[in-house]
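Look at the sequence and the model together, and keep both in view while reading. The paragraphs that follow go from one part of the chain to the next.

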Amino acid sequence: MAWPIESDYYEAIQNPSYCFSDPELKAGLPPMLPSGLPKYGMTGNFASVYQMNCPGRRWAVRFFLRDYSD
């Protein structure tokens, strides 16, 4: 299976109501840049992590870039 790349996740995070199935995350938004685009997440060896500001709390959402068996 081909895993999505970082830019695929960046595009998806721009429309949380479409890319998430969880109702709380659907209602959230990532922090935005002055340009109106979301701030880039932190990317490591196997995942990208984005902040989601949801009603009442913030979440860190991890998007995997490759298989990680642990």
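Two residues are in contact when heavy atoms of theirs lie within 4.5 Å. This is a predicted model, in which local features need pLDDT of at least 70 and side-chain atom pairs count only at pLDDT 80 or more, while totals for chains, interfaces and linings use all residues. Residues are numbered from 1 along each chain as its sequence is written, and side-chain values use heavy atoms, with hydrogens and water left out.

Start with isoleucine 13, which lies in helix H1. Helices (DSSP runs of H or I, at least four residues) and strands (runs of E, at least two) are numbered from the N terminus. Leaving aside neighbours within four places in sequence, isoleucine 13 is in contact with Cys19, Phe20, Pro30, Pro38, Tyr50, Met52 and Phe63. Is isoleucine 13 buried or exposed? The words have cut-offs: buried means under 20% relative accessible area, exposed means over 50%, and partly exposed is in between, with a 1.4 Å probe and protein chains only. Isoleucine 13 has a relative accessible area of 0%, so it is buried. Methionine 42 is 29 residues from isoleucine 13 along the chain, and their C-alpha atoms are separated by 13 Å.

Next comes the sheet. It is open and has 3 strands in the order S1-S2-S3, with antiparallel pairing. Strand S1 (42-43) and strand S3 (57-64) are at the edges; each has a single partner strand, so one side of each is left without a neighbour in the sheet. Helix H1 (residues 6-13) packs on this sheet and touches S1, S2 and S3, and its direction makes about 10° with that of S2. For such angles, axes are lines fitted to C-alpha atoms, for helices over the stretch in contact, and the angles run from 0 to 180 degrees between N-to-C directions.

How are the strands joined? Two strands pair if DSSP finds at least two bridges between them. S1 and S2 run antiparallel and are joined by 2 bridges, with threonine 43 opposite serine 48 in S2. These two strands form a hairpin with 3 residues between them. Strand S2 (residues 47-54) is also antiparallel to S3, and 8 bridges join the two. Along this pairing, valine 49 stands opposite arginine 62, and asparagine 53 stands opposite arginine 58. The hairpin of S2 and S3 has 2 residues between the strands, and glycine 56 there takes a positive phi near 90°. In a regular strand the side chains alternate between the two faces of the sheet.

The loop between S1 and S2 holds phenylalanine 46. Apart from neighbours within four places in sequence, phenylalanine 46 is in contact with Arg62, Phe63, Phe64, Leu65, Arg66 and Tyr68. The C-alpha atoms of phenylalanine 46 and phenylalanine 63 are 8.6 Å apart, although 17 residues separate the two along the chain.

Together with Trp3 they make a nonpolar patch of about 270 Å². Patches are made of residues with over 30% relative accessible area and no salt bridge; like charges are joined within 9 Å, and nonpolar side chains (Val, Leu, Ile, Met, Phe, Trp, Tyr) within 5 Å. Accessible areas come from the Shrake-Rupley method with a 1.4 Å probe, and for residues only the protein chains shown count as cover. Phenylalanine 64 is in strand S3 and is partly exposed at 31%. Tyrosine 68 lies in the segment after S3 and, at 39% relative accessibility, is partly exposed.

Last is a charged pair. A salt bridge is a side-chain nitrogen of Lys or Arg within 4 Å of a carboxyl oxygen of Asp or Glu, and by this rule the count is 1. Glutamate 24 and arginine 57 form it, at 3.2 Å from N to O. The pair links distant parts of the chain: glutamate 24 is in helix H3 (residues 23-26) and arginine 57 in strand S3, 33 residues apart.
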